[in-house]
Structures are given as structure tokens and as C-alpha cells.
Amino acid sequence: MSRAPEFISLSDAAVRAVSGAGSRHAALIEDAFGVLVETPGGGVSLSGDTRARAAAKRAVQAIADRADQGLEIGEADVRVAIGNARTGQQGPALPSGRRGQVAPKTAAQARYLECLARCDLVFGLGPAGTGKTFLAVAHGAGLLMRGEVDRLIVSRPAVEAGERLGFLPGDLAEKVDPYMAPVWEALTDIMGVEQFRRRREKGEIELAPIAFMRGRTLSHAYIIVDEAQNATRLQMKMVLTRIGEGARMVVTGDPTQIDLVNSTDSGLAHAVGLLDGVKGVGVARFATEDVVRHPMVERIVRAYEADAAKQRRKD
């Protein structure tokens, strides 16, 4: 039995934002919710079952609100609105940093955030500068500050030290901090120096080098495994099986930047191959065009990719 379409009155700017160039945005909404989106003039018409229309309406309204604020709406914004509508969130789940609200800048980042919101274990794969670590940290910081997890645990293989951290001077924090610098910078950007220091002193933020995680069960925690391409297969299996009750984990890395002596021993690509498609596991892949650092970074990455392709052809 067909249901009468629901009409939502919108401004012209909002209608254009919901439709998108070539109706691309409308197509994303249709695919996400199984509805039909039409723009007969003066607003948007939604056709579909009651539940689907209600969710699609939340996404449409969120896009329209941003458009009416004079903000430019891209595909990434539409995907975020869709993700929020699916989970029932009324606003962004990410906290604000020193430069304002943390938000995705590319469609790949938006898909990554969707994975982080719905999956217990997420792999974020791609080149440097795509925001995979920063967004994972921002998501984890938001969960911690809202009390949805008790601890934020960051783990990273210290390949340069050969994991033989006992030979380095100082306590554990002094030995490992240099390897955690990108994560600490992201956390202080989001939380501020004082809140970061206070939470770390209370044990709510913890560094846990992969070599020191064996035998632990991490419950009610958000775990970030960064630079995971430098974890061996045995280390990867060990760290993945640390997930305890109420815990969530994100594993980030660039499979093309392996620093291990034996690159075939890298556990990242191996784990993704085994777990992609398993219930509760999400895999987000970034490409060169998703680099959001200085434009020079994208050009550098492309140059190295071209050189690698040339070497493969020679071989």
C-alpha cells in the first residue's frame, strides 16, 4: 500500500542544498533511507514508509538548517547529517577544538565517522594527512568527556626503539611520550592543556605501548591503536583481543609506510583481510585525494605513489 508523500517547506537555498549538484545529495538520502526525494518547488517531498520518512526528514532538516545559516553544503555534510539521523543524534557528536567545531572535511572522513559511531572495532587505513588519527582522537575525547567511556587508552608500536623501552632513560611516560606526540597534540587541541593534564593524572587518559598491553582486559574504554602498520601479526592479534566489556577500539595506519624489518610481518593488512565483513567491524579507507594537510602533502604522496608504481613496472 503506497503512502502519501510528506512535504517539507524549505527556503530556496535549503532546497538546493538538499538536492545537490545533479541531485547527488538527494540520491545519497534516498539510498540511505529507502525513500524517494522530490523537489516540486518550495520544499522537498519525501515518499516511503513512516519510519524511513522520519529518519530522512531529520537529515533533510539538518542540511536545511546549515544552508539557512549561509554555510556551504558538501557531500561530507550530507553524509554526517545522514549518520546523525540514523543514530538519532540531534547535533555533531564531536567536541570543539581550539579552531572550532571538529567536523569532517571530505566524504571519506564522513564515512569514517559513521563507522566510528556504529562499530565496536574500526580500521582507518590511508596515507598521512587524511585525518584518520585526529578524528579517532576527537571521537574518543568526546566519548570520554560525555562519560560514555571511563578511559581513553592510546597504544602505538615504538618500532624505532625496537620495543626495547627498558633501555631508554626515564619512567614509562618519558620513554613513550615522543612516540605519542601526534595524539597528545590532538588531545590538547580538543580538551585544552589543563583538562588533558588533569584527566591523564587521574588515569582517565592512558598511554599503553603495544609491548605493555599483553595480559590486560580493557573494559569500558575507548582504545586507539595508532601507526598500526608497524605492529606485527602477533602483536595485532594480542591487542585486538584486549577488548573487554563496554570497550571500543579504532586501529589506524598506512599499509604503505611499514618500518618493520620484515614488511610482510605487518599485522594491519592481515587483520583487515581477516576481519572485514565481520559483524561489528568497520573498515574506512582513505586515498590521496583525502589529504587535508598542506596541499604540498598531497603532491608529495602522489609523487611517491607514482615512483612506487614505476618500480613495480620495472620488476
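**A guided reading of the predicted chain**

The chain comprises 11 helices and 11 strands. The model shown here is predicted. Of its 315 residues, 48% count as buried. The accessible surface of the chain amounts to about 16000 Å², and carbon and sulfur atoms account for 51% of that area. When contacts in the chain between residues at least 6 apart in sequence are considered, 73% of them join residues at least 24 apart.

The spacing may be read with a general rule in mind: an α-helix has 3.6 residues a turn, so residues three or four places apart point the same way. After H10 comes Gly277, which has a positive phi, near 100°.

Charged side chains also deserve attention. In general, side chains of opposite charge can pair when their charged atoms come close. The count in this chain comes to 12 salt bridges. One of them joins the side chains of Glu6 and Arg53, with 3.5 Å from N to O. This pair links distant parts of the chain, since Glu6 belongs to strand E1 (residues 6-9) and Arg53 to helix H3 (residues 50-68), 47 residues apart. Glu6 counts as partly exposed at 23% relative accessibility, whereas Arg53, at 13%, counts as buried.

A second salt bridge, between Arg197 and Glu201, has its closest N and O atoms 3.0 Å apart. Both residues lie in helix H8 (residues 193-201), and because they are 4 residues apart there, about one helical turn separates them. Arg197 is partly exposed, with 37% relative accessibility, while Glu201 is exposed, with a relative accessible area of 59%.

A further salt bridge is formed by Asp276 and Arg285, whose closest N and O atoms are 3.7 Å apart. Asp276 is partly exposed at 43% relative accessible area, and Arg285 is exposed at 51%. Elsewhere, salt bridges that share partners join Glu6, Arg53 and Lys57 into one network.

The surface also carries a nonpolar patch, formed by Met296, Ile300 and Tyr304, which together have about 330 Å² of accessible area. Of these residues, Tyr304 lies in helix H11, residues 295-314. Tyr304 counts as exposed because its relative accessibility is 62%.

The cysteines complete this account. A disulfide is a covalent bond between the sulfur atoms of two cysteines. A search of the whole structure finds 0 disulfides. Cys115 is in no disulfide, and the nearest cysteine sulfur, that of Cys119, is 5.0 Å away.

How values were computed. Residues numbered from 1 in each chain as written. Predicted model: local features only at pLDDT ≥ 70, side-chain atom pairs only at ≥ 80, totals over all residues. Heavy atoms only, no water. Disulfide = S-S within 2.5 Å. Helix = DSSP H or I, 4+ residues; strand = E, 2+ residues; numbered from the N terminus. Patch = residues over 30% accessible without salt bridge, like charges linked within 9 Å, V, L, I, M, F, W, Y side chains within 5 Å. Areas by Shrake-Rupley, 256 points an atom, 1.4 Å probe, with all protein chains shown as cover. Salt bridge = Lys/Arg side-chain N within 4 Å of Asp/Glu carboxyl O. Buried < 20%, exposed > 50% of the residue type's maximum accessible area, 1.4 Å probe, protein only. Contact = heavy atoms within 4.5 Å.
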